[in-house]
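Please keep the sequence and the model in view while reading.

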Amino acid sequence: MNVNQSAPPVPPFGQPQPVYAGYHQSSYGGQPGSTAAPTPYGAYNGPVPGYQQTPPPGVSRAPASSGAPPASTAQGPCGQTAYGQFGQGDVQNGPSSGVQMQRLPGSQPFASAPLAPVVSQPAVLQPYGPPPTSAQVTAQLAGMQISGAVAPAPPASGLGYGPPTSLASASGSFPNSGLYGSYPQGQAPPLGQGHPGAQPPQRSVPPQASSFTSPASGGPRMPSMTGPLLPGQSFGGPPVSQPNHVSSPPPQALPPGTQMTGPPGPPPPMHSSQQPGYQLQQNGSFGPARGPQSNYGSPYPGAATFGSQPGPPQPLPPKRLDPDAIPSPIQVIEDDRNNRGSEPFVTGVRGQVPPLVTTNFLVKDQGNASPRYIRCTSYNIPCTSDMAKQAQVPLAAVIKPLARLPPEEASPYVVDHGESGPLRCNRCKAYMCPFMQFVEGGRRFQCCFCSCINDVPPQYFQHLDHTGKRVDAYDRPELSLGSYEFLATVDYCKNNKFPIPPAFIFMIDVSYNAVRSGLVRLLCEELKSLLDFLPREGGAEESAIRVGFVTYNKVLHFYNVKSSLAQPQMMVVSDVGDMFVPLLDGFLVNVSESRAVITSLLDQIPEMFADTRETETVFAPVIQAGMEALKAAECAGKLFLFHTSLPIAEAPGKLKNRDDRKLINTDKEKTLFQPQSGAYQTLAKECVAQGCCVDLFLFPNQYVDVATLSVVPQLTGGSVYKYACFQVENDQERFLSDLRRDVQKVVGFDAVMRVRTSTGIRAVDFFGAFYMSNTTDVELAGLDGDKTVTVEFKHDDRLNEENGALLQCALLYTSCAGQRRLRIHNLALNCCTQLADLYRNCETDTLINYMAKFAYRGVLSSPVKTVRDTLITQCAQILACYRKNCASPSSAGQLILPECMKLLPVYLNCVLKSEVLQPGAEVTTDDRAYVRQLVTSMDVAETNVFFYPRLLPLTKSPIENTTEPPAVRASEERLSNGDIYLLENGLNLFLWVGASVQQGVVQSVFGVSSFSQITSGLSVLPVLDNLLSKKVRGLIDGLRAQRSRYMKLIVVKQEDKLEMLFKHFLVEDKSLSGGASYVDFLCHMHKEIRQLLS
Ligand SMILES: [Zn+2]
């Protein structure tokens, strides 16, 4: 179909439906054969209502004279009306001024709570000044102050990094819970780990850091502050000083008047002279502080009033900073849900900061890509590189080109420009998009990226309306939407040939370990049914994907499963040094045609190897074989490798056990993350050239060198799954769930992604699971809907406020049906000349995503300690720049955080404490390598919950209320021993049971009569017929459904030894591995900032 005709014979956006109904997701994440009804994306829902409201006067939409009837039945019940209510209003907000789309204030519990019982209502601040507009309120709230000591803190101030709790008793005592697979041989960390003198400070900065060299980074820092952030070390003080306690500021730290508005409640006799004052102040960018505003704050009365500690009140140490008084992730998340969760996010306005990833919201595409596809660290970019360097805020976008959408939102429309292909700028090759400017009556267009004037091809010509807009703008996705697809012509195909559909090859380790654990039998049984659920497209009855099978130990076995055969035939290749594919015909087959032979094969494999004694395996030759098979078949595809052990058999890519925990905290620690053989990079390069993506399922009983084995999956856009000490009875649910999802998920092959930007900035750095052979093209042998590519931008020229900055991400890929397509995402950002505008439009969750990826890549080349120091320094510089340039003048002793970034310290501390950057004794080298590569392609929602886990109290809300309860902060203080809690971080799931939980609750949930009878480490709750049991199991199912990997449940009893494992996830507390508590880290950060400012 060609939509280039001036009078489109199809409805607006009417495209051949099968083309883009393609993202058939009916069975996503579900079980094969589940009853979930197929919900192909409604072809016409989503964007259409918005367009109906906004065509220019006098322009009627193209008649729906032909083509498929609108798929109105596919529309969600709330589609039209819900959107319709908000569309115009939002658009009429006009161009963003950088002020109006502020995240709403209200997340200041320490201010609003005392003032009025209604939290989250900006209006409570009105008595303090002229009736504020929403922007003014935002401005008033935009600065948060936490006052500390005015005078330079004495060295002995003892900011918190106390010596770590002794690990001696804990190390090695964890059962093989499957958490990350802690092996019995776990070792205690080197004793010197916690001693600041154990290691000389290393200040070598990773090469990446040089990209942000601000004056501040080279500024004077006191030696005691620049030391390594070693576990157990005090900042600026002797390690023995007051662990976990914060030095109190002297009374004069509180500016005059701060006590005027003290909250009701008990007077703070113990703390009044010691608690930091909390102030809300007007954002400095709005001019000098007005008198009244400095009075908002009040000394916080301390936990006695606001603390939610369960049980009898515990007397706090007198100098303790109240955890309730520092910015709470829970509060910020709740406020955003309340403020932004009810209305669709309409993308028509440039530079809007989207709702948080933790907020459920619908997106209405009106010209910018949905935040599900692109999230930015800031939606307002400094105009100059000097400003950017001053602020140190990384400018980055986290892009998820094939993101899955909720059923209410339409998949991108597919545009077919026929043989001429997509319309592009002649100079910079950017694709036609809503920001292109048509001129000369529509005969030409000016490129929004490079300003080149291009001719409009005759078949694409259309008249302009009085505003200069093409009259068909709203009928063409590429002129009105942020995201859409083009059908690619043969010019976009390898060797100028249209691709043939991809293939899946299942490659199964049949060595002794794989057979004995039950894996081989389980997997073969599952594949028999799973093969019916290969990704399909366009409502096709069956998948176009062909399949093949290989088993291996020290040698490889190929199978001929040609449909004409009565029985499968095996061919053994024992020369693994020179891998070839022994058969072409009959290796890759259509599932339905060869079903009988395939079933027979899958029945026979477990029997054939049941008595194997072979323990050695090869690895690289297996990948080589799969890649060669795809090459011979001239198609792209995916290898599913199921592998159990370190490949020590004599073959290319043979590995040795080089695990050495003694390297932790040394200069050689980075080698633990590096591959031990260069052969895998070479192999990966070949795979990428062939469009061969590798997904790796690991089932190790001991060290397998994940760092090396994951190189090929990582560079080919694949996934790695790890099931340590796999046992069918314990782990089959998790494995099968992951496998089903992985096999069924939609994936694009042989992809190339390019990010273009308007003049002034350019993409300079990339993070994710992909390969790059030049500096601009991200090559992905495969790309699925879970994977993100993070792109960092740098200035190469001046930007201006009027034009803003544009991004265009173009992904060329082969669909699972073999169609070559281009997916385009566009995003327009604001530009600013005032730093305050930058700080008002940042997204901390995205910043953390970027910073974690930056750090996790840094450990490959720099000592971990250096990486941590770099993160801390950058965070301090970001906040110091705000303090200096944006906050209104105030006492130097006050910590002032930008509203948008007030969670930066707590989240950054979580990154610093993560197993990659500060491993506990129970974390293996493989765990760290595994997490490192997982985080590399995580999206913002995943990193958010991964670094700051969600802790849900289950028994506080009424039993009838089955909705997800409000989370509480991840700290032991928040746990009541009379309740049970769920904790999840996207990979792990715990059910924590307090020792004093009512007997009835225990009976209802666990089916036993007392706490002592609950099995510690239980992974499956009994199915009991009562409300509480149903509610708890329902919540667990709900959490699992939200995540891309199955989370195995672990029941943890209070005071049980498993609790150590659980406590690792209480990230606001000091960690066993020496990670700082939130309170301590905030104080440390404050100190760093003051150093930078002094
Ligand atoms: Zn251009």
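Strand 18 is covered on both of its faces: Gly637, Leu639, Leu641 and His643 are buried on one side, and Lys638, Phe640 and Phe642 are buried on the other. Because seven of the seven residues of this strand, residues 637–643, are buried, strand 18 is largely enclosed by the rest of the structure. The model in which this is seen is a predicted one.

**Strand 18 and its partners**

Strand 18 pairs with strand 14, residues 503–509, through six bridges, and the two run parallel. Within this pairing, Ile505 stands opposite Leu639 of strand 18. Strand 18 is also joined to strand 19, residues 692–698, by seven bridges, again in parallel. Here His643 has Leu698 of strand 19 as its bridge partner. Between strand 18 and strand 19 the chain passes through helix 15, residues 679–690, and this β-α-β crossover is right-handed.

**Strand 15 and its partners**

Strand 14 has a further parallel partner in strand 15, to which seven bridges join it. Phe506 stands opposite Phe549 of strand 15 in this pairing. Six of the seven residues of strand 15, residues 546–552, are buried, and therefore strand 15 too is largely enclosed by the rest of the structure.

Strand 15 also pairs with strand 16, residues 556–560, but these two run antiparallel and are joined by three bridges. A hairpin of three residues leads from strand 15 to strand 16, and Tyr552 stands opposite Leu556 of strand 16.

The pairings described above are set out below.

| Strands | Bridges | Direction |
|---|---|---|
| Strand 14 and strand 18 | Six bridges | Parallel |
| Strand 18 and strand 19 | Seven bridges | Parallel |
| Strand 14 and strand 15 | Seven bridges | Parallel |
| Strand 15 and strand 16 | Three bridges | Antiparallel |

**The zinc site**

Which residues are the protein donors of the zinc ion? They are Cys425, Cys428, Cys447 and Cys450, each through its SG atom, at 2.2 to 2.3 Å from the ion. The four donor atoms subtend angles of 102 to 115° around the zinc ion, and the arrangement is therefore tetrahedral. Along the chain, the donors follow the spacing C-x2-C-x18-C-x2-C. Cys425 and Cys450 link distant parts of the chain, being 25 residues apart. Cys425 belongs to the loop between strand 9 (414–415) and strand 10 (437–439), while Cys450 belongs to the loop between strand 11 (444–446) and strand 12 (453–455).

Are these two residues buried or exposed? Cys425 has a relative accessible area of 1% and is buried. Cys450, at 13% relative accessibility, counts as buried as well, because the cut-off for a buried residue is under 20% relative accessible area.

**The chain as a whole**

The secondary structure of the chain comprises 28 helices and 31 strands. Of its 1094 residues, 62% count as buried. Among the contacts with a separation of 6 or more, 76% are between residues 24 or more positions apart.

The confidence of the prediction should be kept in mind. The chain has a mean pLDDT of 77, and 71% of its residues reach 70 or more. Over residues 1–318, however, pLDDT stays under 50, and for these residues the model has 672 contacts beyond four places in sequence.

Terms used: Residues are numbered from 1 along each chain as its sequence is written. This is a predicted model: local features need pLDDT of at least 70, side-chain atom pairs count only at pLDDT 80 or more; totals for chains, interfaces and linings use all residues. Side-chain values use heavy atoms; hydrogens and water are left out. Buried means under 20% relative accessible area, exposed over 50%, partly exposed in between (1.4 Å probe, protein chains only). Helices (H or I, at least four residues) and strands (E, at least two) are DSSP runs, numbered from the N terminus. Two strands pair if DSSP finds at least two bridges between them. A crossover is right-handed if, with the strands pointing away from the viewer, the path from the first strand over the helix to the second runs clockwise. pLDDT is the predictor's confidence in each residue, from 0 to 100. Contact means heavy atoms within 4.5 Å. Donors are N, O and S atoms within 2.8 Å of the metal (3.2 Å for Na, K and Ca); water is not among the atoms, so sites may look incomplete. Four donors count as tetrahedral if all angles lie between 85 and 135 degrees; four count as square planar and six as octahedral if opposite donors are over 155 degrees apart and all others between 65 and 115; anything else is irregular.
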